[in-house]
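Open the model in your viewer and keep the selection panel at hand. This tour goes stop by stop.

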Amino acid sequence: MVNNRYEKINSNDEHAEIKIGEFIIKNINCIKNSKQIVILCIGSNNIDGEFLAPLVERFLKENKKPLTSTRVILTSDRKNVIKNIIRIKSRYNDPFIIVIASEVGNSKDVGKIILKKDPVPSQLLQNIRVGNIAISAIVNDEDYDNDCDFYVQMQTAKLVLVYKIAKVISKGLEFGLN
């Protein structure tokens, strides 16, 4: 699904990595040489659904071709996000921030990757807007029948799905930033 502010792509799409790379290229092309690009990975390795961003960070660091103009920062929990954003903005002059995060959503969207052209209100951050663009993934469905909170829904996400999506996102980032 394509909207002028976001695009949803299926993580099983054989061209998903290319679509992510093209999204990155299109959105940073005009600033690539003038701004520091920061990838802000928001998540935690303590909750399966939130493990997406730490996995993306890990896969990027294991990449044989490092992303030379990019810093990768992992925010382990929402308490550290604001502190890390302040640290990023104090270290870099007007950085271009790409946010990586996981979300819960409609059951038909589980497994989809969302490419957003705006700062994102993150469920994890109680709707504080972060970053210039974002790549997120729906890793579990919202349980409307039960009054479950975000963390309960993230705990029941399937780790194999989170791992697969993290691979796709990291390859797409490598394509778009190299």
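Is Asp 13 buried, partly exposed or exposed? With a relative accessible area of 24%, Asp 13 is partly exposed. The cut-offs are under 20% for buried and over 50% for exposed, with partly exposed in between (1.4 Å probe, protein chains only).

Before moving on, note that this is a predicted model, in which local features need pLDDT of at least 70 and side-chain atom pairs count only at pLDDT 80 or more, while totals for chains, interfaces and linings use all residues. Residues are numbered from 1 along each chain as its sequence is written, and side-chain values use heavy atoms, with hydrogens and water left out.

**Stop 1: Asp 13 and its partner**

Asp 13 and Lys 19 form a salt bridge, with the closest N and O atoms 2.6 Å apart. A salt bridge here is a side-chain nitrogen of Lys or Arg within 4 Å of a carboxyl oxygen of Asp or Glu. Lys 19 is partly exposed, at 30% relative accessibility. By this rule the count comes to seven salt bridges.

**Stop 2: Lys 8 and Asp 109**

Select Lys 8 and Asp 109. Their closest N and O atoms are 2.7 Å apart, in another salt bridge. Lys 8 sits in strand S1 (residues 6-10), and Asp 109 in the loop between strand S4 (96-105) and strand S5 (112-116), so the pair ties together parts that are 101 residues apart in sequence. Strands (E, at least two residues) and helices (H or I, at least four) are DSSP runs, numbered from the N terminus. Both partners are buried: Lys 8 at 17% relative accessibility, Asp 109 at 6%.

**Stop 3: Lys 116 and Glu 103**

Now pick Lys 116 and Glu 103. This salt bridge has its closest N and O atoms 2.5 Å apart. Lys 116 is in strand S5 and Glu 103 in strand S4, so the link joins parts 13 residues apart in sequence. Lys 116 counts as buried at 16% relative accessibility. Glu 103 is buried too, at 15%. Then select Lys 8, Lys 108, Asp 109 and Lys 112: salt bridges that share partners join these residues into one network.

**Stop 4: Ser 102**

Stay in strand S4 and select Ser 102. Ser 102 is buried, at 7% relative accessibility. What lies 2.7 Å from a polar atom of its side chain? The backbone oxygen of Gly 49 does. Show contacts next (heavy atoms within 4.5 Å). Not counting residues up to four places away in sequence, Ser 102 touches Gly 49, Glu 50, Leu 52, Ala 137, Val 139, Phe 150 and Met 154.

**Stop 5**

**Stop 6: Gly 131**

Go to the loop between strand S7 (129-130) and strand S8 (133-141), where Gly 131 lies. Its C-alpha atom is 5.7 Å from that of Val 99, 32 residues away along the chain. Leaving aside neighbours within four places in sequence, Gly 131 is in contact with Ile 97, Val 99 and Pro 119.

**Last stop: Phe 175**

Finish in helix H5 (residues 159-177), which holds Phe 175. At 41% relative accessibility, Phe 175 is partly exposed.

How values were computed: A polar contact is a pair of N or O atoms within 3.5 Å; within protein, one must be able to donate a hydrogen and the other to accept it, and residues adjacent in sequence count only if both atoms are side-chain atoms.
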